[in-house]
Amino acid sequence: MTDTLLSLAILIPLCPLLAFFAIVFFGRKLPRQGAGVALGAMVVAFTLMLLVNGAWLSRLAQQNAVPFEKSLLWLRLGAAPGLQNVSLSAGYLVDSATAVLLFVVTAVGSLIFWFAMGYMEGDPWYPRFFAYMSLFAAAMLGVVISNSLLWFFICWEIMGLCSYLLIGYWYDKPSAMRAAKKAFVVTRVGDVGFFIGILTLYLTTSAHTLTFSQIFSPAEMAHLDHTRWVFAGFPIPALTAIALLIFCGSIGKSAQFPLHVWLPDAMEGPTPVSALIHAATMVAAGVYLVARTYPIFVYPALHHGSSTALLVVAGIGAFTVVFSATMAVAHFDIKKVLAYSTISQLGYMFMALGSFGWSAALFHLMTHAWFKALLFLGSGSVFHSTHTYDMRKMGGLWKKMPTTGWTFGAGCLALSGVPIFSGFWSKDAILNQAWRANGVYYKFIFAFGMFGALLTAFYTWRMFFLTFQGEARDEHIFEHAHESPKIMTIPLAILAIGAISIGWLGIPIESINVFGNTITLSTPFATAALAAPEQPFLTWMMALFSIIVVGIGWWLAYAIYIQGRLRAPEEGGLRRWGLQGPYYLASRLWYVDEIYSDSLVAGTMALSDMAGSFDNGVVDGAFVNGSALLTIWFSKINDWFDRSIVDGMVRLVAGVSGKTGDVLRRVQQGVIQVYALIVFVSVFALIIVVYYLR
Amino acid sequence: MTLVSCMVLAALVFSIGLACVIVHRNAVRVLMGIELMFNAVNINLVAINYFHPQPAGAHGVFLTGQLFAVFVITVAAAEAAVGLAIVLAVYRNLRTINVDQASTLKF
């Protein structure tokens, strides 16, 4: 029974995929121009998810933690030299990570589709929006249930395509198209590393497989661990190299430093797109990738004491947390602040993964999806009524838009990590994990995380105070502000309830903690040994410390923006601390975009210019024009030959005939006597010839 | 008198006739020359008949040559008549019987 329900998992991505095809072919003729079909498909997927997750949880309850997997042989090529029987399989699996992600994508996705039905009202390309969103949902769900790196990568790339299509949804806006191209190209850079990682993994495994269950078998992992490649005289451990290459894909997709540059620009797309793709799901796929391939990362730590790959993951995550939080502090566009916030929170997830906190990372993924989607949709609701995202023009909107206000406030409470709300429990789990992990570097990572929490609280409350509290800064906007229609506010409310309560699944009390106890990796890779043991006193002290930090952040925002006691950073408030310089750099995004465009982009353009001039000069000039010239010369020779020699022969024949005729017709004198003379002379000649010359 | 001398005579007459045909410009004179050539042929025929009256192994009197000569005379007469008619026609058209001037059918 459980198995039957679990096998329904394959249908979950198929629902939005069918919706995509239906909308593509029938579009406007469908109810509500296709939105109904899209939302219906997501709701069906949600129901199926409930069945599948229920079946999985009951399986766990029976102490059976083996992932449910079904796969079939998809492609078999003959024996190739060096490889025996190259074959690829396709299939799906259900385990704890799958269950979490399925829940997040279908639940949050359905609510976002519901909101988008109202938000995108009046858009001339309405069906196209829902077609792309459905395709995206199908691809994301495909990533989540795939059991091998092959289909994972295929669906990953489809997600990248949908991100491009949706960012550039309003394709008549040049800035949107630039942003879409930037997103696609930057994630592609990461995907190159990912793909190389996949290929090397395929070639290095003794069984030559990409299926997770086969790669993670103890024998295969031991084989990978012992493999060393020699590169320029240095032995490189295969496992670390593959892990880092795979992590490249995550860096690109989850917008970590240095490939974070696409996410702020991606805010050009419609707000539901930002909510679904760039907050809740797609960017979380990078985290899911590391979580899925976690054994590759964690094996060296389990057997040799430390894992370079995990340290790199944690380091990049921690750095990104602080790096993008500084940028969030320095911006006035709500969506940009939320984008930097997303990058920062994703950094927390990678920090968790790097600190052996697999379930903490997935927990934060889940809570973040709920409250970030809520915040994005809330900003969409604000835009719907004020038609601006610039916080400098807002203020005092709480009076005009109470529902949006309290839901947004709930999201802010969750994001900043106020106790009871979901963000607190998941962020706390991460910080706890970072503190307890074995290794001195993790203390620095913990420090980054704490500082990041301070900044997060500050920019979150800054955002809330500037938008909803205080005095209205623009009278015209304040006049026209109104609450959004129910079709938009009901999903906001549901998301707010989720943002508040979903974190209760991970409260670190033995009896309640679903996340800590149930959602764990299977035994060979249990990471409990890699961290200092759980000490309840330390846990609660840590919680208290983080509450204090959040409180400081909140107090700073309150003092600056509500009380006006301290000077705001944008007005030079940091000067007395000597931090005005870094603030300016942060507001200019630390010039990363400029560095890239002046070095890499300019280099590529220079290369393409060289190629272009080579193409124009050499290929077009020498080869094309040159061969044309040769053909012309050759044809001139032909022409001469034709005219003088061939025609000459013709003229020769004609001339000869004419001259001969001229000569021969002189016989025709017209005088009979001449003819008679000729006759008789000829007769005489004949007689002589016959008679004498016989 | 031998056959050869008769044929020589015939040849001489023929040549004179040929000379008349070729050299003279007057059409009537040309016709006269043609008559001479006919007569030369007649001399030839009769001479041959005289010296070899019978073919080998045949009996009776054979006058083949002389009969042939009679035919030739007849034909000569007819031909003279036709020739003079042509001369008359030519004169009507060209107002002259100078054969040199009847030479429009040339290159």
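At what angle do helix 18 and helix 20 of chain A pack, and how far apart are their axes? In this predicted model, helix 18 (residues 402-416) and helix 20 (residues 441-468) of chain A pack at an angle of about 170 degrees, with axes 9 Å apart. Angles over 145 degrees count as roughly antiparallel, so helix 18 of chain A is roughly antiparallel to helix 20 of chain A.

**Chain A overall**
- Chain A has 27 helices and four strands.
- Its radius of gyration is 38 Å, whereas the globule rule gives 26 Å for 694 residues, so chain A is more spread out than a compact globule.
- The C-alpha trace of chain A spans about 155 × 70 × 55 Å along its principal axes.

**Chain B overall**
- Chain B contains three helices and zero strands, in the order α-α-α along the sequence.
- Along the principal axes, the C-alpha trace of chain B covers about 60 × 25 × 25 Å.

**Helix 18 against helix 20 in chain A**
- On the helix 18 side, the contact is formed by Gly405(A), Phe408(A), Gly409(A), Cys412(A), Leu415(A) and Ser416(A).
- These meet Thr456(A), Ala457(A), Thr460(A), Trp461(A), Phe464(A) and Phe468(A) of helix 20 of chain A.
- By class, this contact between helix 18 and helix 20 of chain A holds seven nonpolar, five polar and no charged residues.

**Helix 17 against helix 18 in chain A**
- Helix 17 (residues 358-386) of chain A packs on helix 18 of chain A at an angle of about 145 degrees, and their axes are 9 Å apart.
- The crossing of helix 17 of chain A with helix 18 of chain A is left-handed.
- Helix 17 of chain A contributes Thr367(A), Phe371(A), Leu374(A), Leu375(A), Gly378(A), Ser381(A) and Val382(A) to the contact.
- From helix 18 of chain A come Thr404(A), Thr407(A), Phe408(A), Gly411(A), Ala414(A) and Leu415(A).
- The residues of the contact of helix 17 with helix 18 of chain A comprise seven nonpolar, six polar and no charged.
- Phe408(A) and Leu415(A) are listed in the contact with helix 17 of chain A and also in the contact with helix 20 of chain A.

**Strand pair in chain A**
- Strand 3 (residues 228-231) and strand 4 (residues 234-237) of chain A run antiparallel and are joined by four bridges.
- Trp229(A) has Ile236(A) in strand 4 of chain A as its bridge partner.
- The two strands form a hairpin with two residues between them, and Ala232(A) in the turn has a positive phi of about 55 degrees.

**Backbone geometry in loops of chain A**
- The peptide bond joining Phe257(A) and Pro258(A) is cis, with omega about 0 degrees.
- Pro258(A) sits in the loop between helix 10 (238-253) and helix 11 (262-265) of chain A.
- Phe356(A) is not a glycine, yet has a positive phi of about 65 degrees.
- The loop that holds Phe356(A) lies between helix 16 (334-354) and helix 17 of chain A.

**Contact between the chains**
- Chain A supplies 11 residues to the contact and chain B supplies 10 residues.
- The side of chain A that touches chain B consists of five nonpolar, four polar and two charged residues.

Conventions: Residues are numbered from 1 along each chain as its sequence is written. Chains are lettered from A and ligands numbered from 1 in the order in which they are written. This is a predicted model: local features need pLDDT of at least 70, side-chain atom pairs count only at pLDDT 80 or more; totals for chains, interfaces and linings use all residues. Two residues are in contact if their C-beta atoms, placed from the backbone, lie within 7 Å. Ala, Val, Leu, Ile, Met, Phe, Trp, Tyr, Cys and Pro count as nonpolar, Asp, Glu, Lys and Arg as charged, and the others, Gly among them, as polar. Axes are lines fitted to C-alpha atoms, for helices over the stretch in contact, and angles run from 0 to 180 degrees between N-to-C directions. Angles under 35 degrees count as roughly parallel, over 145 as roughly antiparallel, 65 to 115 as roughly perpendicular and the rest as oblique. A crossing is left-handed if the near helix is turned anticlockwise from the far one by less than a right angle, and right-handed if clockwise. Two strands pair if DSSP finds at least two bridges between them. The radius of gyration is taken over C-alpha atoms; the globule rule is 2.2 Å times the number of residues to the power 0.38.
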